[in-house]
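Q: I'm new to this one and would like to go through it piece by piece. Can you put it up first?

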Amino acid sequence: MKDYNSILQELENSGNLRRLPEIVHKGNLVEKGGLTMLNLSSNDYLGLASRRDLQQAFLEEWQEKQYPFSSSSSRLLTGNFRIYTELEQVIAERFNREATLLFNSGYHANTGILPALADKQTLILADKLVHASIIDGILLSNAPFQRFRHNDYDQLETLLQKNTGQYEQIFIVTESIFSMDGDVADLRRLVSLKKSYPDVCLYVDEAHAIGVRGKNGLGIAEEQDCIQEIDLLVGTFGKALASMGAYVICSRVIREYLINCMRPLIFSTALPPAQIAWTQFIFERLPEFSEERERLATTSHLLIDALSGKGGEISGSHIIPYIIGDNKDCILKAEELQRKGFYCLPVRPPTVPKGTARIRFSLTADVTTEDIQQLIQAL
């Protein structure tokens with residue numbers, strides 16, 4: 001048997017060993033190891049997960065409709081409750097698109113869509129920094145692929161020019177807000193490139209943008225006014241929407257094809273109907289959270305400016321890297337900040353490139369400007 005103990009020891013020696021944290025949540029605070037800290041590592045971007053007013057309003061509605069706590073089946077068997085199709089219709093109508101399909105998680109979506117749609121006659125061109133779930137989906141597809149330099153659309157166009165006519169279809173794959181650097185893709189430029197070459201489809205993951213950006217919280221695609229031009233618009237409910245699951249916005253034909261060919265959808269028990277109902281409850285209210293989006297933008301700009309030259313200048317969002325470089329130095333800095341009352345975590349290779357270990361500040365709408373000013377002083 002492989003010596004797993006030795007591998008774990010090597011990970012610990014290099015500062016890359018991961019452990020599950022034992023923490024207690026109290027609103028935007030966490031308790032760990034006797035310390036009470038401001039949570040700066042959450043994906044609860046709008047601060048909705050602990051909102052008792054929203055929970056109470058939903059529970060009152062739930063008592064009337066009594067959504068089950070388990071689907072007990074995949075949607076293709078007996079698990080397709082009406083609330084699933086209702087939410088899909090609501091999302092499609094809000095985005096003014098033909099169809100939506102729900103998934104159990106963003107990981108399910110990204111590891112299932114491309115393997116279903118791509119084959120040996122498909123070329124996938126993916127941004128170098130797309131999420132691990134997208135990379136896994138690309139590998140599972142067995143399609144030929146190339147990764148262009150991060151947000152380098154000139155290189156992408158060179159690859160399109162070189163490969164046009166060599167494949168039945170080409171997928172351009174990107175995130176809109178990148179999960180580690182917090183920078184933002186130029187979706188308009190990508191749409192322009194897509195239109196300039198035949199048989200090109202654009203796949204955009206809005207996991208970190210849905211709820212947070214755009215007038216109605218519909219993401220960077222809304223902010224850059226290109227919702228209608230993106231073939232596969234993916235998003236998650238497990239971050240700003242304070243729920244669980246994911247979706248893809250697409251054509252009716254693609255939706256039906258995925259239902260027939262996407263393995264994570266076909267072979268997974270569907271999320272509980274009660275969970276889907278909560279997601280719909282939050283999604284329908286996204287336009288109402290403009291104040292939360294404005295507060296988040298204000299605090300984000302404050303921290304970005306303070307960290308300029310140390311990683312902050314990279315970000316264009318509420319995800320802000322503080323790049324330290326060395327793994328052990330990064331761990332020590334995170335521990336120091338935790339002692340000062342800020343729960344922030346070190347991010348190390350292979351999650352980020354070697355030599356770019358960083359503290360990833362993930363801001364939420366319930367973090368105040370005073371909190372950020374205290375953080376800046378602590379840094």
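A: One term to begin with: contact means heavy atoms within 4.5 Å. Helices (H or I, at least four residues) and strands (E, at least two) are DSSP runs, numbered from the N terminus.

Q: What kind of model is it?
A: This is a predicted model, where local features need pLDDT of at least 70 and side-chain atom pairs count only at pLDDT 80 or more, while totals for chains, interfaces and linings use all residues. Residues are numbered from 1 along each chain as its sequence is written, and side-chain values use heavy atoms, with hydrogens and water left out.

Q: Let's start with a helix. Which residues of α14 are buried?
A: In α14, residues 369-378, the buried ones are D371, I372, L375 and A378. Buried means under 20% relative accessible area, exposed means over 50%, and partly exposed lies in between (1.4 Å probe, protein chains only).

Q: Where on the helix do they sit?
A: They line one face of α14, because they fall within an arc of 115 degrees when seen down its axis. The arc is that of the directions from the helix axis to the C-beta atoms.

Q: What do they pack against?
A: The buried residues of α14 pack against β3 (35-39), α12 (290-306), α13 (327-339), β12 (342-343) and β14 (357-362).

Q: OK, on to sheets. In what order do the seven strands run?
A: The order is β4-β10-β9-β8-β7-β5-β6, in an open sheet with mixed pairing. Two strands pair if DSSP finds at least two bridges between them. β4 (99-103) and β6 (145-148) are the edge strands, each pairing on one side only. From one strand to the next, the twist averages 20 degrees. For that angle, axes are lines fitted to C-alpha atoms, for helices over the stretch in contact, and angles run from 0 to 180 degrees between N-to-C directions.

Q: What holds paired strands together?
A: Strands of a sheet pair through backbone hydrogen bonds, either parallel or antiparallel.

Q: β9, then. Is it buried or exposed?
A: β9 is mostly covered, with five of its five residues buried. L232, V234 and T236 are on one side and L233 and G235 on the other, and both faces are covered.

Q: How many bridges does β9 make with β8?
A: Three bridges join β8 (residues 200-205) to β9 (residues 232-236), and the two run parallel. Y203 stands opposite L232, and D205 has V234 as its bridge partner.

Q: And with β10?
A: Four bridges, in the antiparallel sense, pair β9 with β10 (residues 246-250). There, L233 stands opposite I249.

Q: Why is β7 called largely enclosed?
A: β7 (residues 169-175) is largely enclosed by the rest of the structure because six of its seven residues are buried. It runs parallel to β5, with five bridges, and parallel to β8, with six. L123 has I170 in β7 as its bridge partner, while F171 stands opposite C201 in β8.

Q: What about T122, where is that?
A: T122 is in strand β5, residues 122-127. T122 is buried, with a relative accessible area of 0%. Its side chain makes a polar contact with that of Q169, at 3.0 Å. A polar contact is a pair of N or O atoms within 3.5 Å; within protein, one must be able to donate a hydrogen and the other to accept it, and residues adjacent in sequence count only if both atoms are side-chain atoms. Not counting residues up to four places away in sequence, T122 touches L117, A143, P144, Y167, Q169 and F171.

Q: Last topic. How many residues are in the largest nonpolar core?
A: It has 82 residues, and F361 is one of those with the most contacts inside it. A nonpolar core is a set of buried Ala, Val, Leu, Ile, Met, Phe, Trp, Tyr and Cys residues joined through side-chain atoms within 4.5 Å. Helix α11 (residues 273-283) gives the most to this core, with seven residues. A second, separate core of 27 residues includes A126, I138, A246 and L258.
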